[in-house]
Amino acid sequence: MQTPSEVLNQNVAAVPDRLVIEKVELRTVRVPLNEPFETSFGRIDSRLIFLVAVNGGGETGWGEVVAAEEPLYSYETVGTALHVIRDYLAPAIMGEPLRDISDLAQRLAPFRGHNMAKAGLELAFMDLLARLKCQSLSHLIGGTRESIPVGVSLGIQPSLDRLLERVDRYLDLGYQRIKLKIKPGWDIGVVREVRRRNPDIMLSVDANAAYTLADLDHLRTLDDFGLLMIEQPLEYDDLIDHAQLQSKLSTAICLDESITGIKRAKQALDLGSCRIINIKIGRVGGYSQAIGIHDLCYAKGIPVWCGGMLESGIGRAHNIALASLPGFVLPGDISASSRYFARDLIVPEVTVSRDGTVIAPLGPGLGFNVDLEYITARTETLMRLEPH
Ligand code: NPQ
Ligand code: MG
């Protein structure tokens with residue numbers, strides 16, 4: 001059987017012959033959140049969505065830069081990504097014909113870091129390719145499933161009662177896994193109560209790097225609750241301390257922030273830093289890295305799942321395509337558009353069925369219509385870039 005990387009290389013190499021990106025458009029679009037989202041690193045009330053549109057071959061492809069406004073989840077922000085794409089990344093990919101996705105990735109590789117900025121361009125390019133080839137993104141990358149199991153990530157709440165109500169609500173909607181955001185002071189007691197009331201659900205926690213090895217004994221008490229995983233307990237760029245912690249926990253550690261590419265994923269697995277990996281296309285710099293991590297984990301029997309960054313429907317649709325690969329065996333943080341937004345930037349919006357799945361669409365590219373009218377109405381910044 002071919003790995004998704006091989007399928008990708010084959011498909012992308014086949015058509016269309018040498019594509020020229022003629023224009024890149026960057027825009028920020030502010031959308032209100034249904035309710036504030038709070039993690040160990042902060043709280044937001046609205047999301048500034050960063051969209052990338054690329055033109056070539058008579059079509060437009062759409063991508064999303066998942067960076068937040070503040071450098072709290074990662075050092076990248078909407079501002080750094082605007083700067084880096086405008087001044088370095090877009091000029092490197094426009095004008096000259098591109099052969100395939102690895103050609104695009106190679107043009108971006110000399111610029112260090114800034115994975116979310118790179119991913120925004122790679123996503124838009126892949127949507128463009130898929131549209132030009134009249135294929136769904138899922139099919140283009142070698143997806144094997146149409147029905148994708150999903151979970152929900154529940155932020156830190158003003159009270160335990162409110163959290164318990166949210167847990168009930170999302171279980172009633174069919175979500176297959178509940179993830180609780182935790183931090184010191186909002187952890188053991190909260191997890192104990194959610195687990196006591198829901199003995200059989202798939203339950204996990206995400207600390208977003210809120211602890212250190214000095215909290216070892218505290219973290220070990222989480223072993224009592226039959227959690228599916230503990231996500232990113234320690235520092236955002238650490239592998240070594242996580243390896244030590246994993247050796248002293250029975251619960252699987254899942255790394256998110258620390259896995260910034262294929263090489264880091266290899267190192268994490270070699271060191272024993274985690275037993276599960278959360279793959280986010282933005283964090284790792286695009287499809288090529290995301291699929292490479294998937295292939296590595298699939299070969300080693302390491303379960304992966306697709307993380308979320310409060311994306312608009314555009315980023316969400318890319319996540320759905322990625323999560324259709326065979327190694328995505330755990331429910332991801334994909335969720336319905338309505339989990340976060342009253343109105344999404346795509347039509348139709350992403351919905352979760354009663355059985356806790358989303359459907360990977362069959363139409364070309366993202367498989368959703370981009371709602372340009374609503375996007376335009378909410379655009380704060382618009383930048384048109386052309387080759388010079
Ligand atoms: C995670 N996401 O898995 C992230 C963290 C996160 C769904 O839990 C703005 C932009 C706010 C990105 C809040 C979920 C964010 C963000 C949280 C990412 O760690
Ligand atoms: Mg996380």
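The largest cavity of this predicted model is lined by Glu64, Val66, Leu123, Lys280, Ile281, Gly282, Met309, Glu311, Gly315 and Asn319. A cavity is here a set of points, on a 1 Å grid over the protein atoms alone, where a 1.4 Å probe fits but cannot get out, and lining residues have an atom within 4 Å of a point. Two or more residues of this lining come from each of helix H11 (281-284) and helix H13 (313-322), helices being DSSP runs of H or I with at least four residues, numbered from the N terminus. Domain 1 (4-134 + 371-385) and domain 2 (140-370) each contribute at least three lining residues, with domain bounds taken from an automatic or database assignment. By class, the lining comprises four nonpolar, three polar and three charged residues; Ala, Val, Leu, Ile, Met, Phe, Trp, Tyr, Cys and Pro count as nonpolar, Asp, Glu, Lys and Arg as charged, and the others, including Gly, as polar.

The volume of the largest cavity is about 60 Å³, a volume being the space filled by probe spheres set on the points, which are joined across faces, edges and corners. Over the whole structure, the search finds three cavities of 30 Å³ or more.

The second largest cavity holds about 50 Å³ of space. Its lining consists of Ser136, Leu137, Ser138, Ala317, Ala321, Ala360, Pro361, Gly365 and Leu366, with at least two residues supplied by each of helix H5 (137-141) and H13. Six of these residues are nonpolar and three are polar, and no charged residue is present.

Residues are numbered from 1 along each chain as its sequence is written. Totals for linings use all residues, whereas local features need pLDDT of at least 70.

Methods: Chains are lettered from A and ligands numbered from 1 in the order in which they are written. This is a predicted model: local features need pLDDT of at least 70, side-chain atom pairs count only at pLDDT 80 or more; totals for chains, interfaces and linings use all residues. Side-chain values use heavy atoms; hydrogens and water are left out. On a 1 Å grid over the protein atoms alone, a cavity is a set of points where a 1.4 Å probe fits but cannot get out, and a pocket is an open set with protein on both sides within 12 Å along at least five of seven lines; lining residues have an atom within 4 Å of a point.
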